[in-house]
Amino acid sequence: MSFSLSELFALHHGLPRQGPGSDETTARLLALAGPVPPRPRILDLGCGPGRSALVLAAATGGHVTGVDLHQPYLDQFLDSADRAGLRAQVTAMRCSMDALPFPDRSFDLVWCEGAAYNLGFATALDSWRRLLAPGGVLVVTEIEFTGTDPSPATVDFWAERYPLRYPDDNREIAAAAGYTVLAHHRLPEADWWSEYYDPLLARVSGVDTAAAAEVRAETELRREHGADYDYAGYVLRPNRTDKTPMWTTRPETPADRAAIHAVNAAAFPTAEEADLVDALRADSQAWIDGLSMVAVAPGGEIAGFALITRCEVGGEPALALAPCAVRPEYQGKGAGAAAIRACLDAARHLDENLVVVLGHPEYYPRFGFTPASGFGVRASFDVPDEALMALSLDASRPTPAGVIRYPAAFGV
């Protein structure tokens, strides 16, 4: 049946959920995912009004980035976070699940309840794998057949809307995408009705639209043939097949300063960058504790370094990423990227937003940077447009525009 998105959004506006689920099921799937790091980085894809995101934020103490294409859902999400006292732990981002701006290995937990069908199960699992940090877990719910002989009515209904498979087929898809299935959890029947179908049916009562007719047809199928199909949560861990070192990242300590100087001196032709770090550290207006990050090799040696300091854009506070350095023997192995990701994540936790970087246009976009001109940001000196880049850490907030004023140590 054909209906417009505007009809569908009108029916769902203000409702607690856009698909089957419950806070209890979210908590259950989180428990099945196993231990998470302290203050984990969590991505909730197709977050809708944020019910799952808020459960995850409260339960883990981590930061949850909720992604959805419908801005009213994101607004509802942020309003709920404010009321729950969790606003500092969440970010709302309006973008498509198939065009995510996040760098590889950005999240400890990637979550998607009831929205993977927008991409298709196989495509979703394949495209989201890169987002998981070492040890990370993907949790996704998928609608699937449960019985061995579903009724013709069930088969015909879903054949026109979304191709349902059996659990064994979905396990094979997960294995082909490079995951181990840690758990498979069927959602209870109450998850379909109390917070999803019942409020939705009340909303469509007396409404004569194609979208309302679709809701009535779907709920009737559930009443008559619900034993044929269900939503199930899949808890998936990527199989580690590459040999990339597992870098440990942390903020610098006073004991690291000589090693950081050595890393920068070794990485660049002159000692200018190494001296720049020392000068920035001495500038109380530029230095921000916790935004100087090192990547440590398995043997304990500092292999990579990244620094973010305070700058201004159009007279408003912003951040500058520079310098970033890796010891020559570790270059090309991910140490620099690990340090940069750690810096950006720490800045996000400090509720910072706009970050600028002057660097290689083929390297920094992997972290989400795009030309600064798109933000209305420019340098006070001549620089190729593609080399001056910017990143918003929270797309729901405005960013300043204008000329960048770097700390005095940069000499520009």
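1. Axes here are lines fitted to C-alpha atoms, for helices over the stretch in contact, with angles from 0 to 180 degrees between N-to-C directions, and the elements are DSSP runs numbered from the N terminus, helices being H or I of at least four residues and strands E of at least two.

2. On the H8 side, Trp192, Trp193, Tyr196, Tyr197, Leu200, Leu201 and Val204 are in contact (heavy atoms within 4.5 Å) with Ala212, Val215, Arg216, Glu218, Thr219, Arg222 and Arg223 of H9. By class, the residues of this contact between H8 and H9 divide into 9 nonpolar, 1 polar and 4 charged, where Ala, Val, Leu, Ile, Met, Phe, Trp, Tyr, Cys and Pro count as nonpolar, Asp, Glu, Lys and Arg as charged, and the others, Gly among them, as polar.

3. H2 passes H3 in a right-handed crossing, and Asp23, Thr26, Ala27 and Leu30 in H2 meet Arg51, Ser52, Val55, Leu56, Ala59 and Thr60 in H3. The contact of H2 with H3 has 5 nonpolar, 3 polar and 2 charged residues.

4. Ser22, in the loop between helix H1 (5–12) and H2, counts as buried at 6% relative accessibility, the cut-offs being under 20% relative accessible area for buried, over 50% for exposed and partly exposed in between (1.4 Å probe, protein chains only). Ser22 and Asp191 are 169 residues apart in sequence, yet 5.7 Å apart in space, C-alpha to C-alpha, and their side chains make a polar contact of 2.9 Å. A polar contact is a pair of N or O atoms within 3.5 Å; within protein, one must be able to donate a hydrogen and the other to accept it, and residues adjacent in sequence count only if both atoms are side-chain atoms.

5. Thr91 in strand S3 is buried, with a relative accessible area of 2%, and a polar contact of 2.6 Å joins its side chain to that of His63. Leaving aside neighbours within four places in sequence, the residues in contact with Thr91 include Phe77, Leu393 and Asp394.

6. Some backbone values deserve a check. Most residues other than glycine have a negative phi, and most peptide bonds are trans. Arg105, in the loop between strands S3 (90–94) and S4 (107–112), has a positive phi near 60° and is partly exposed at 21% relative accessibility. Asp351, in the loop between helix H12 (335–349) and strand S12 (354–358), has a positive phi of about 65° and is exposed at 53%. The peptide bond from Ala322 to Pro323 is cis, with omega near -10°, and Pro323 is found in strand S11 (residues 316–326).

7. On conventions, residues are numbered from 1 along each chain as its sequence is written, and side-chain values use heavy atoms, with hydrogens and water left out. For this predicted model, local features need pLDDT of at least 70 and side-chain atom pairs count only at pLDDT 80 or more, whereas totals for chains, interfaces and linings use all residues.

Conventions: Left-handed = near helix turned anticlockwise from the far one by under 90°.
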